[in-house]
Structure formats: C-alpha cells, structure tokens
Amino acid sequence: MKVVSPELINRIAMKRWSSFNRLQRDHMDAIADIGIAKIADRLQGGQHMEIDISDAAKACVAESGFDVRYGARPLKRALVKELLNPLSRLVLEGSVQEGDTVRVRTRGEALQLQKKGEAELGWASGSSAMSENKNDVVVLKNHEGFSAEEDDESASEDEADDWLNDDLHA
C-alpha cells in the first residue's frame with residue numbers, strides 16, 4: 001500500500017497544479033535586503049540605532065545565506081551569525097552604543113578603512129578570529145569598549161569570589 005502526501009492530495013482535490021522554480025542566487029540580494037530591513041527596524045525601535053551596510057557586505061551575507069537545495073532558509077542563520085551576534089557583542093562591551101550608526105562592511109573594506117584611519121577601533125565578526133577572508137562580514141566599533149579595570153573598580157576580588165562560591169554551592 002502506497003501513502004500519498006497531503007500536499008499531493010490537496011493539489012489533486014483542487015484540480016490545480018502549481019509549479020515552483022528553484023530559488024536562484026540572483027533573488028537572494030532582495031531577500032537579504034528584507035531581512036536586513038527587519039533588523040534595522042528593530043535597531044531603530046529599541047536602541048535608536050541606524051544601520052549602514054555596504055553593498056559588498058549585503059552580497060556576502062546573501063551568498064552565505066543561499067543554498068541550492070534549501071534556497072533562502074539558511075539566510076536567517078547567516079544574518080544572526082554574521083550581523084546580530086557580532087553586533088550584540090559590541091553592544092555588551094560598549095563599543096556600539098544607543099543612538100549610534102552601526103557600520104557593517106566586509107573585512108576587506110574594513111582593512112581599507114583602517115589604513116585610512118577610519119576604523120582605528122577595530123571590528124567584530126561572526127567568523128573565526130584567525131580568519132583572513134576578506135569577504136567576512138564585520139561590524140565596526142564606534143567607541144572604546146569597557147575595560148576590565150572599570151569592572152575591577154566596581155567589585156572587589158573578595159566579592160567576586162564570594163559570588164562564585166555561592167553560585168557553586170547553590
């Protein structure tokens with residue numbers, strides 16, 4: 001006995017056949033723009049931040065988010081890995097702050113900006129710290145991050161040890 005999928009039954013019952021073409025790489029830039037626009041809206045609404053992403057960085061995100069077999073499904077993961085995770089790290093360390101413009105570039109573009117003195121604070125990336133791929137997407141730092149010395153001033157080592165011991169014994 002063969003089992004027929006519900007999708008096929010629905011198509012037969014409706015007496016309509018829909019034919020879908022595979023998603024092509026050419027469409028990914030527009031789909032990536034939609035995902036980036038959603039992120040930009042969230043940044044504007046929550047942190048009053050603007051996003052400035054280069055065309056090359058958009059193309060790299062779109063490329064890494066495209067899969068011949070799965071189409072645009074991996075794009076969301078690519079946006080998280082290459083844009084949201086590095087941005088989150090920079091916000092937590094204070095290198096990007098509320099009201100800033102978040103500058104997203106490729107590593108190659110960031111290296112050129114660094115040579116011109118326009119990216120002297122560095123950047124964060126979702127790629128390996130050892131990566132030298134100039135197509136990696138990076139988020140540029142706008143400010144010096146919080147230093148470890150500032151953290152030491154707010155809590156003594158004894159307080160930190162007590163907190164750690166309490167946490168381990170709980």
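# Contacts, packing and burial

Q: What does glutamine 97 touch, not counting residues up to four places away in sequence?
A: Glutamine 97 touches Met49 and His143. Contact means heavy atoms within 4.5 Å. This is a predicted model: local features need pLDDT of at least 70, side-chain atom pairs count only at pLDDT 80 or more, and totals for chains, interfaces and linings use all residues. Residues are numbered from 1 along each chain as its sequence is written, and side-chain values use heavy atoms, with hydrogens and water left out.

Q: Why is glutamine 97 called partly exposed?
A: The relative accessible area of glutamine 97 is 34%. Buried means under 20%, exposed means over 50%, and partly exposed is in between (1.4 Å probe, protein chains only). Glutamine 97 is therefore partly exposed.

Q: Where is glutamine 97 found?
A: Glutamine 97 is in the loop between helix 4 and strand 2. Helices (H or I, at least four residues) and strands (E, at least two) are DSSP runs, numbered from the N terminus. The C-alpha atoms of glutamine 97 and glutamine 47 are separated by 8.0 Å, though these residues are 50 apart along the chain.

Q: What makes serine 54 count as buried?
A: Serine 54 has a relative accessible area of 11%. That value falls in the buried class, so serine 54 is buried. Serine 54 lies in the loop between strand 1 and helix 3. Leaving aside neighbours within four places in sequence, serine 54 is in contact with Val104, Arg105, Thr106 and Glu109.

Q: Why does glutamine 114 count as partly exposed?
A: Glutamine 114 has 36% relative accessibility, so it counts as partly exposed. Glutamine 114 is found in helix 5. Setting aside neighbours within four places in sequence, glutamine 114 contacts Ala119 and Trp123.

Q: Which residues in helix 5 are buried?
A: Arg107, Gly108, Ala110 and Leu113 are buried in helix 5. What covers the buried residues of helix 5 includes strand 2, strand 3 and strand 4. Helix 5 (residues 107-116) lies across these strands, running at about 110° to strand 2. Just after helix 5, glycine 117 takes a positive phi of about 85°.

Q: Why are helix 2 and helix 4 called oblique to each other?
A: Helix 2 (residues 28-47) and helix 4 (residues 75-93) pack at about 40°, with their axes 11 Å apart. Axes are lines fitted to C-alpha atoms, for helices over the stretch in contact, and angles run from 0 to 180 degrees between N-to-C directions. Under 35 degrees counts as roughly parallel, over 145 as roughly antiparallel, 65 to 115 as roughly perpendicular, and the rest as oblique. Helix 2 and helix 4 are therefore oblique.

Q: Which residues make the contact between helix 2 and helix 4?
A: Helix 2 gives Met28, Ile31, Ala32, Gly35, Ile36, Ile39, Arg42 and Leu43. Helix 4 gives Leu75, Leu79, Leu83, Leu84 and Leu87.

Q: What makes strand 1 and strand 3 edge strands?
A: Strand 1 (50-53) and strand 3 (123-125) each pair on one side only. Two strands pair if DSSP finds at least two bridges between them. The open sheet of four strands has the order 1-2-4-3, with mixed pairing.

Q: How do you know that strand 3 and strand 4 pair?
A: Three bridges join strand 3 to strand 4 (residues 137-140). The threshold is at least two, so the strands pair. Strand 3 and strand 4 run antiparallel. The bridge partner of serine 125 in strand 4 is valine 138.
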